[in-house]
Amino acid sequence: MSKDSESNKISRRNFLGKAGTGIVGSTILISSIGAADKTGPDLAEAPPIDPKETDILNLWVNGKKQKLKINPSSTLAEVLRNKLNLTGTKIVCNQGACGGCTVVMDNKAVYACHMLALDAAGKKVVTIEGLLEGEELNHLQEAFIEKDGLQCGFCTPGQIMSAYALLLSKPNPNREDIMEAMSGNICRCGAYPNILDSVLLAVQNKN
Amino acid sequence: MKEKFNIVGKPVIRQDAFNKVTGQAKFADDYNYPNQLYAAMIRIPVSHAKIKSIDYTEAIESGLVAATCDSSDIPGAKKVGPIRKDQPVFCDEKVVTSGDVLAMLIGENEYELKQASKKVKVDFEELPILTDIEKAMDEDAQIIHPEFENNLIVHYPLRKGNIDKGFEESDHILEQTYTTPHIEHAYIEPEAVVAVPLEGNRGIKIIGSIQNPHTARKVVAAVLGLPLTKVRIIQAELGGSFGGKDDTMNILSARAAVAALKTKRPVKIHYSREESILESYKRHPYRLKYKVGFSKAGKLKAMKIDLLADGGGYSCMSPFVTWRSVVQATGPYEVENVWTDVRAVYTNNPYTGAFRGFGSPQPIFAQESLMDEIAEIAGISPIEIRKINGFQKGSVTASRQVLRDHEINLLKVVERAAEESNFLSEWNKNKKDQSNAPSFVDELNPIVKPEHFIHPSNNVKRGIGLATSFRGCSLGAEGVDAAAAYISVQTDGSIYLLSGLAENGQGLKTTFSIIAAEVLGISEDRIHYLEQDTGIIADSGPTVASRSTLMGGGAIKDAATIIKNRLNEVALKHFNITDYDVLVYRNNTISNTENNLKIEFSELCQLAFNSAVSLSAVGWYKGPNVGWDEETGQGDAYFTYVYGCQVADVSVDMSTGEVYINKIVAVHDPGTVINIMGALGQVYGGVTQGAGYGLWEAIESEKGMIKELNYDLYIIPTSKDIDKIEPIFIEGEDDHGAWGAKSLGEPTLELTSAALANAIKNATGKRLFNLPLNLEEVLLSKKLRPKDFVRESSK
């Protein structure tokens, strides 16, 4: 693509590909940005040039233990969608700018497109599919249906997972808390008033 | 209300809600097929070039590529387009916009394909780049498409009365120029499509994020050289479109289809956000020149309007988009003398096409800003100026259409909006407060004086502004306007339903289900809405022009009524009566009010089946006739219109130029509201997108190259940007479509930017002419980002 060669900023995709194996934890990721083009001494192996599924990832997804062979440069969103067929998680901007891929990891909302799958090693991940217990809808899902907190539905899994994470940390949020927690989830259909009402209703119904 | 409804207008849960909140809804990229291949696009980083050759040798030698695909693989039409066939499926002679695709590499692994695509060598010769619409018609301008004699895509003149005489009779003449930018649809779901070749002589099946499956089918069939029946298009759940997943998706479908037939394997194309913004068409930027003459009292006498739209590299929908502009350019006002010219031209900018609003938001921003200015000169309020000039029953439009046969609600919506927002008293209060606004430092004499400082108590100014419009419903004289619906009632009383107009995520399936349920007196959960498939339902034109509830709803009502009439016959026999006026369809039963007998709907359906009565039907709805004279721009442009008024209440930070939206009151007259939740959603969405258009959004390109390729730079509204949206519906008694349900989707968007501009004026005392009204525009009255086309405010 033309854009890569033109821009002198670091392409996140190239960076993820190169940073590859062995890096765990976002602090290391950030600190190594400056040296993205070098293979530093911290790296146990040279970054893979060929995308082979060379790494083993152990994690919990929706309460189920998973052991997956993955390409170390895969993002969590890619692994969820392509390896586990959990296609409820959507890839929208693929740069952590829209919230469409939001999942909950160890009780916190994370952008699944914006982290390496390897960073989820050993963690407990919940996706939109994990909220459904048998045929039973989560109270948030019920509220989104009742208050029509969606239109096209593409941002909806991310919206609901953001709200889910909020309620885990703050079971009784007010209007402002909800706005703050969910302002990172964009909705082009502009269903915001109904999304807010949905979360408020879920809070009310839970109590 | 004419009728008492069972379900129409009551809150009904959307058909697709369960699947969408559980992650089970299948969007295009969620479909995968065994043996599926992927495609990577080959582009060059320029916006205008002559292609000399494409060399795939190294890419093929890399062993990562299963096949290549370019124009030489196309068996049928190599160029497509809704009106002019000027857009190549694969460019083989020229590149005219930066998103243009020359070829594709097909392979198993997307990552490897990206590597391989860097090995494709394209030999090209750069050509001079044309980005300034003003220069497009110059004699020495570079001709973008040499097969045409110049860069003019279309020109619509409209002539009414005597323009010179009109200006002579005017007490005041005001001339202003406005500009609006490229806008990205920014549907949350990027484009995706899978083409699956069918074994034997059965053609191809395509599943994709396609706005209009029947239009895509026409394009794919033409490109493949196949009869329409051999191309079956199925619409996946659509993750937003707003007019944007039409032409781009048709071409992507064609590319995937060509590759699938070549490789005899399913081929998927799915775009990243960057590719989506790079290649997809945008909303047209306009340069709008208005000259208006009016009396001392504010009565409009003459309007001379010159609109110039940037069509970009391809004509696409430009001829239709700009036609709506010519009809609506004078706004909902009666003007005796009108001289309008609307032109669209080719440039090397991103190409432009359909986007919710469709040629109306641009002139409305200009002409509604202008109306407030005229009011100021005439010394009257924004309400008064609209009352003096606004359409009423019997008014004659610029195209000499006499407004009758529908409710002309203009003054009603204005009055209601003014009342709800306490407009006049707020407007007067804010206006008085304007005098405290600081003046800005003169750049040539940058000595800061006391009056340049803003006292903290004066930092935030409140403003209120309104805008109003009339909007032609459906396609009007643009094209054939009819729609089909299919209904099939089963013996247990459950129902298959499908409209030829495809759901775009706005809730059409629900609206259509409500209409069928209302006619048959059943609960909507008995309706199973079928998959949108061109093999099942007739071509009903596209889901555009806010026509679906009106036209599609009319067809659904027709189909359900055919079934009801047949059931009536069965019921008469069953009840042994002769007058079906006594039959009542309600609560899943049919009762006979004459003798208090009842039968379950399902039982009646079984009876009908047993009596060999067909319970399947195709409904059809055709709009009344419309007409247009291309030479003079005169005619009955649309068969009915809707009216709207929005009031924006803003706070402006005088030290940063930031505008915060406190409230938008949106009053619209969509006829009968069928699906109240869907209707509210349309207002929330339209106003939010309109606010983005007004305050933040712009695609700025340099030499035709787009800068804002993702949401980090292309800023769309978030949940925190608008405090409150208050939708108000004025329902009516019109009789088109289903119980007089008209348009809503686009009217909600087209007004917001103009209302915001007028509100900012009310707050700051400053009139702004160039969208978006972002920080620099509000604070400095200029655009700071470099751009090829110099806007008025940047001069």
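This note takes up points on fold, cysteines, charge and backbone in the model.

1. Basis. The model is predicted: local features need pLDDT of at least 70, side-chain atom pairs count only at pLDDT 80 or more, and totals for chains, interfaces and linings use all residues. Residues are numbered from 1 along each chain as its sequence is written, chains are lettered from A and ligands numbered from 1 in the order in which they are written, and side-chain values use heavy atoms, without hydrogens and water.

2. Chain A overall. Eight helices and five strands make up its secondary structure. Helices (H or I, at least four residues) and strands (E, at least two) are DSSP runs, numbered from the N terminus. The order along the sequence is α-α-α-β-β-α-β-β-β-α-α-α-α. Chain A has 207 residues, and 54% of them count as buried. Buried means under 20% relative accessible area, exposed over 50%, and partly exposed in between (1.4 Å probe, protein chains only).

3. Cysteines. A search of the whole structure gives zero disulfides over all chains. A:Cys155 is in no disulfide; its nearest cysteine sulfur belongs to A:Cys187, 4.0 Å away. The cut-off for a disulfide is a pair of cysteine sulfur atoms within 2.5 Å. A:Cys155 counts as buried, at 8% relative accessibility. B:Cys605 also counts as buried, at 0%.

4. Negative patch on chain A. A:Glu133, A:Glu136, A:Glu142 and A:Glu146 gather on the surface in a patch of negative charge. Patches take residues with over 30% relative accessible area and no salt bridge; like charges are joined within 9 Å, and nonpolar side chains (Val, Leu, Ile, Met, Phe, Trp, Tyr) within 5 Å. Accessible areas come from the Shrake-Rupley method with a 1.4 Å probe; for residues, only the protein chains shown count as cover. A salt bridge is a side-chain nitrogen of Lys or Arg within 4 Å of a carboxyl oxygen of Asp or Glu. A:Glu146 sits in helix α5 (residues 139–146) of chain A. A:Glu146 is partly exposed, at 48% relative accessible area.

5. Positive phi at A:Asn62. This residue is not a glycine, yet its phi is positive, about 50°. A:Asn62 lies in the loop between β1 (55–61) and β2 (64–70) of chain A. Its relative accessible area is 28%, so A:Asn62 is partly exposed.

6. Positive phi at A:Asn107. Here phi is near 70°, again positive in a residue other than glycine. The loop is the one between β3 (102–105) and β4 (108–111) of chain A. A:Asn107 counts as exposed, at 53% relative accessibility.

7. Cis proline in chain B. The peptide bond from B:Leu771 to B:Pro772 is cis, with omega near -5°. B:Pro772 is in the loop between α18 (752–764) and α19 (775–780) of chain B.

8. B:Phe453. This residue belongs to the loop between α12 (423–433) and β18 (460–472) of chain B. At 59% relative accessibility, B:Phe453 counts as exposed. B:Ser655 is 202 residues away along the chain, and the two C-alpha atoms are separated by 9.0 Å.

9. B:Thr672. The loop between β27 (659–668) and α16 (676–695) of chain B holds this residue. B:Thr672 is buried, with a relative accessible area of 5%.

Terms used:
Lys, Arg positive; Asp, Glu negative; His and termini not counted. Charge placed at Lys NZ, Arg CZ, Asp CG, Glu CD.
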